[in-house]
Amino acid sequence: MVDKVPSANLWGGFAASFRRDLLVAARHKAELTNPLVFFLIAVTLIPLGVSPEKSVLALLAPGIVWVMALLATLLSLDGLFRSDYDDGSLEQMLISPQSLYFTVMAKVLVHWLVSGLPVTLLAPLLGLMLSLPVNGYFPLLVSLALGTASMSLIGAVGAALTVSLRKGGLLLSLIVMPLYIPVLIFGASAVQTAVQGGEIGMQLAVLGAFLALAIVLAPIATVGALRISTNG
Amino acid sequence: MTDSGIEQALPLLELRDLSCERDERLLFSGLDLRLLSGDVVQIGGPNGAGKTTLLRALAGISTDYLGQILYAGQELPAAVWEFAGDSLYLGHLPGIKKALTPAENLEWYKAQSGAAVSIDAALNAVGLYGYEDTPCYQLSAGQLRRVALARLHLSRARVWILDEPFTAIDKLGVSQLEALIAKQSANGGVVILTSHQDLTLPQLRIVNLHDYRPNVRTNQTKNGFESLTDGDAYHG
């Protein structure tokens, strides 16, 4: 009772939050598959709605896959802190002796693992459906992996700001969308350039820079936003 | 567990001239309170008096207060890390994930607090032996509350801040919890709780937030104008 210093280490706190969120995600399979199903359906509808012509689809494919991946991520954001807010876990996170930065990191990492990563892995399949040219697949995978991770991190800020609002969905989109636009531009451009046979080093470097910046800054902003949201 | 002379002189938790408002309405003001180790304080007052608001401010969830909160002599926003490691807050919301089992829930809290007690022992102590692998959504309200209360056994914190801990708990559970609070007090801890139950703890102090209502004070200086128009309508 005499020692007052929080003795649990940083890594232990991060690992515990990571494990718990992964477990919760695994028990809510329906929520898990929602963004994926949306991604799948939306992309499948494009050939029906636009044109089944191979040359047209190949031209549109990079942009379409990227836009749909962005929307799928957006769809999954609202639940990021919602259940924690509703059951009181969020309050406990705020006052726990663990750094909230790492708790948020763990949550975002789980969010990416269950939304961004499956979308990324599914993307080549959908590229095939949209007859994406062969040299577009690898850039699509890499750019989506980098891009969805940035989007999970950036989205966490918006989700944290709107968590205390009952109907925060639209506001969340409005907050997050402008920040997603640069990621979309460089991501889609990487695939487009690769399809046309160009060098994509620059686009991937920019996406990597976005991700690095987001890893450092977004959790700080998220922590601040969570404190504002619960401070009432 | 032994307190040095310095610690005894210094209150573990001290409130100085604390006032809180909610939705631009002053709930209470001028609250002074010194909590020495071993103290158990029950915060009383009618619904809407600001009990939960006060406890949230004490726990560090809300910083929306005027005045000072001192932990072991240091003002709170500065000493927040030390305080976080030494305090435990149980709110209205249990902080329990319904999709997980009690053991999985407590695993997270245990990693946060770094306690040495095993989770099985903690669940045993709150009478949930045999339920450790049942998903929490299958538990009753009282059992869910008990999962949250199991955190008290897993904690090494000296300051307990409990918001309505007796809600949904049966008679036996209430007496067990009272015994636990008495034990915490005997170990030199501090317990601040709200409850509408009458507790039988000998060391209990009661602070009624009603006495710190801003309207009561204006009542004394002015001539009761404001209490008629304002306060009683809200608090009645």
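I began with strand β8 (residues 190–194) of chain B, where five of the five residues are buried, so the strand is largely enclosed by the rest of the structure. I took buried to mean that 20 or more other C-beta atoms, placed from the backbone, lie within 10 Å of the residue's own, and I took strands (E, at least two residues) and helices (H or I, at least four) as DSSP runs numbered from the N terminus.

I kept in mind that this is a predicted model, in which local features need pLDDT of at least 70, side-chain atom pairs count only at pLDDT 80 or more, and totals for chains, interfaces and linings use all residues. Residues are numbered from 1 along each chain as its sequence is written, while chains are lettered from A and ligands numbered from 1 in the order in which they are written.

I then checked side-chain direction: B:V190, B:I192 and B:T194 point one way from β8(B), B:V191 and B:L193 the other way, and all are buried.

Next I looked up the pairing, which requires at least two DSSP bridges between two strands. Strand β3 (residues 40–44) of chain B runs parallel to β8(B) and is joined to it by four bridges, with B:V41 opposite B:I192. Strand β7 (residues 159–163) of chain B also pairs with β8(B) in the parallel sense, over five bridges, and there B:V159 has B:V190 as its bridge partner.

Last, I turned to the chain contact (C-beta atoms, placed from the backbone, within 7 Å), which takes 32 residues from chain B and 27 residues from chain A. On the side of chain B that touches chain A, the largest share, six residues, comes from α4(B).

Note on methods. Buried ≥ 20, exposed ≤ 12 C-beta atoms within 10 Å, placed from the backbone. Contact = placed C-beta atoms within 7 Å.
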